Amino acid sequence: MADLEQFRADARAWLDEHCPPTRRQLREGETAPAWGSPEFDAQIEGWKREICERGWSAPTWPRECGGAGLSPEEAKVLAQEMARIRAVPPIGGFGMYLLAPVLLEFANDDQKKRFLPDIANGRVDWCQGYSEPGAGSDLAGLQTRAVLDGDEYVIDGSKIWTTSAHLADWIFCLVRTDPDASKHEGISFILFDMKSPGVSVSPIQLISGQSDFCQIFFDGVRAKAENLVGVKNGGWTIAKRLLQHERSGLSGMMGGAAPSRKRKSGKRPLPNFHSMADLAAPYLGRDAEGRLADPFLRDGIVGVEMDNLCFGLTMKRSSDGAKEGQEVGHTVSMSKYYASELNKRRQELLVSVMGTQALGWEGEGFSATELAQTRGWLRSKGNSIEGGTSEIQLNVIAKRVLGLPD
Ligand SMILES: Cc1cc2nc3c(=O)[nH]c(=O)nc-3n(C[C@H](O)[C@H](O)[C@H](O)COP(=O)(O)OP(=O)(O)OC[C@H]3O[C@@H](n4cnc5c(N)ncnc54)[C@H](O)[C@@H]3O)c2cc1C
């Protein structure tokens with residue numbers, strides 16, 4: 001315990017010295033460089049380099065894999081100290097949150113040493129090759145083929161809705177390696193370079209105006225057999241585990257980030273988002289007692305804020321469990337379902353509050369916040385689709401959590 005307290009003191013001192021203002025909550029009277037300025041970019045790069053060199057971007061991973069080899073207890077202390085100053089984790093993305101956990105669980109030592117350090121240091125960006133034009137909810141129906149030829153697999157087929165495929169360096173991909181086996185048993189999980197000959201990427205525009213979706217085509221792509229993770233035709237087990245990590249991460253992003261500090265003035269923890277009441281006040285006005293003037297919308301806002309705080313605490317409990325070694329499991333479908341539906345409720349409510357001001361696309365009649373709200377509301381429609389639709393989460397809960405018959 002004394003060691004842990006010493007570790008906390010050391011971590012706190014190091015973070016206080018090295019975490020720059022752009023990557024944490026500002027201190028009293030402090031300012032951060034303007035977004036996009038050379039100084040801003042330099043702070044972000046410097047933070048990434050220094051914390052990665054220390055292995056703290058992946059605290060519990062072995063040192064030879066780019067981590068710091070911390071114990072779960074030390075990692076928990078480090079997470080607490082980062083949360084204390086609201087430090088932004090230096091590395092995110094599909095590699096860190098989706099692929100790395102399954103590599104740690106299923107990859108051989110050689111694969112871990114080859115792929116994990118570049119994830120820990122943010123040197124390689126990954127994308128997720130799961131969905132296909134004919135296989136989304138019925139993912140195990142995927143048809144992209146991989147045929148062994150010497151020490152390489154030759155891959156033909158197509159993936160769709162692949163987020164950031166146009167920016168990714170590598171892909172983790174589900175392929176059919178045995179077309180004669182039952183559909184769950186003929187799938188493998190393989191990694192390959194997006195610059196391989198035969199890979200072509202075509203962006204698709206989203207309803208929110210962004211274009212980070214792509215369709216990918218594979219035309220005789222050659223991937224090294226040594227980059228097949230786990231056993232050949234055993235990829236479905238890895239695919240399901242990765243989805244559990246994905247659903248857990250999405251739940252956190254959509255509102256399950258636990259309240260982590262108290263307001264200076266009182267005991268109430270801060271909400272995860274900007275306070276809805278603050279966002280709503282300019283549109284609804286306040287009554288003599290300072291409450292939002294519209295009682296119907298006020299009731300809706302209080303309901304969403306309370307549900308959000310309760311959900312944040314539930315997610316904190318489950319993330320503490322994960323740090324203590326409990327595995328992710330099918331129960332993440334409950335948080336993925338709840339987070340998606342809660343965020344959609346929140347966005348719909350904000351549109352009701354802002355009225356037509358939340359329906360603008362461009363033009364001087366809308367503030368930056370209002371234009372962002374329009375896009376946020378449209379983007380939230382994807383929450384109950386990505387990582388498996390809400391209907392599929394309900395199916396998983398019914399079958400795998402509650403044990404109900406098919
Ligand atoms: C923002 C976003 C990002 C994404 N990023 C990626 C990515 O990076 N990589 C990737 O591989 N995929 C990605 N996807 C794709 C996503 O995983 C699929 O869209 C999703 O799994 C649903 O598949 P589908 O679109 O083919 O819909 P379908 O499977 O065709 O489903 C259509 C409708 O039928 C319902 N349905 C289907 N089967 C059942 C059933 N058994 N019971 C009840 N209802 C059912 C569904 O709930 C849905 O409402 C992304 C999607 C979104 C929205």
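Me: A residue is buried if 20 or more other C-beta atoms lie within 10 Å of its own, exposed if 12 or fewer do, and partly exposed in between, with C-beta atoms placed from the backbone. Which of these classes applies to Val-401?

Reply: This is a predicted model, in which local features need pLDDT of at least 70, side-chain atom pairs count only at pLDDT 80 or more, and totals for chains, interfaces and linings use all residues. Residues are numbered from 1 along each chain as its sequence is written. Val-401 has 14 C-beta neighbours inside 10 Å, so its class is partly exposed.

Me: What distance separates the C-alpha atoms of Val-401 and Thr-331?

Reply: Val-401 belongs to helix α11; helices (H or I, at least four residues) and strands (E, at least two) are DSSP runs numbered from the N terminus. Setting aside residues up to four places away in sequence, Val-401 touches His-330, Thr-331 and Met-334 (contact means C-beta atoms, placed from the backbone, within 7 Å). Val-401 and Thr-331 are 70 residues apart along the chain, yet their C-alpha atoms are separated by 6.4 Å.

Me: Between which domains does the ligand shell lie?

Reply: The shell comprises 17 residues, the closest being Tyr-130, Gly-136, Ser-137, Thr-389 and Glu-391 (a residue is near a molecule if its C-beta atom, placed from the backbone, lies within 6 Å of it). Helix α11 (residues 390-401) supplies the largest share of the shell, three residues. Domain bounds come from an automatic or database domain assignment. Two domains both give residues to the shell, so it lies between domain 2 (126-233) and domain 3 (244-401).

Me: Which residues does Ile-171 contact, leaving aside its neighbours within four places in sequence?

Reply: Ile-171 was named above among the residues that touch the most other members of the largest core. Beyond its sequence neighbours within four places, Ile-171 is in contact with Trp-126, Cys-127, Gly-129, Phe-192 and Met-194.

Me: Is Trp-161 buried or exposed?

Reply: Most residues other than glycine have a negative phi. Trp-161, although not a glycine, has a positive phi of about 60 degrees, and its place is in the loop between β3 (152-159) and β4 (170-176). Because 20 other C-beta atoms lie within 10 Å, Trp-161 is buried.

Me: What is phi of Arg-86?

Reply: Arg-86 lies in the loop between α3 (72-84) and α4. With 14 C-beta neighbours inside 10 Å, this residue counts as partly exposed. Arg-86 is not a glycine, but its phi is positive, near 55 degrees.

Key: Core = buried A, V, L, I, M, F, W, Y, C linked by C-beta atoms within 7 Å. Contact = placed C-beta atoms within 7 Å.
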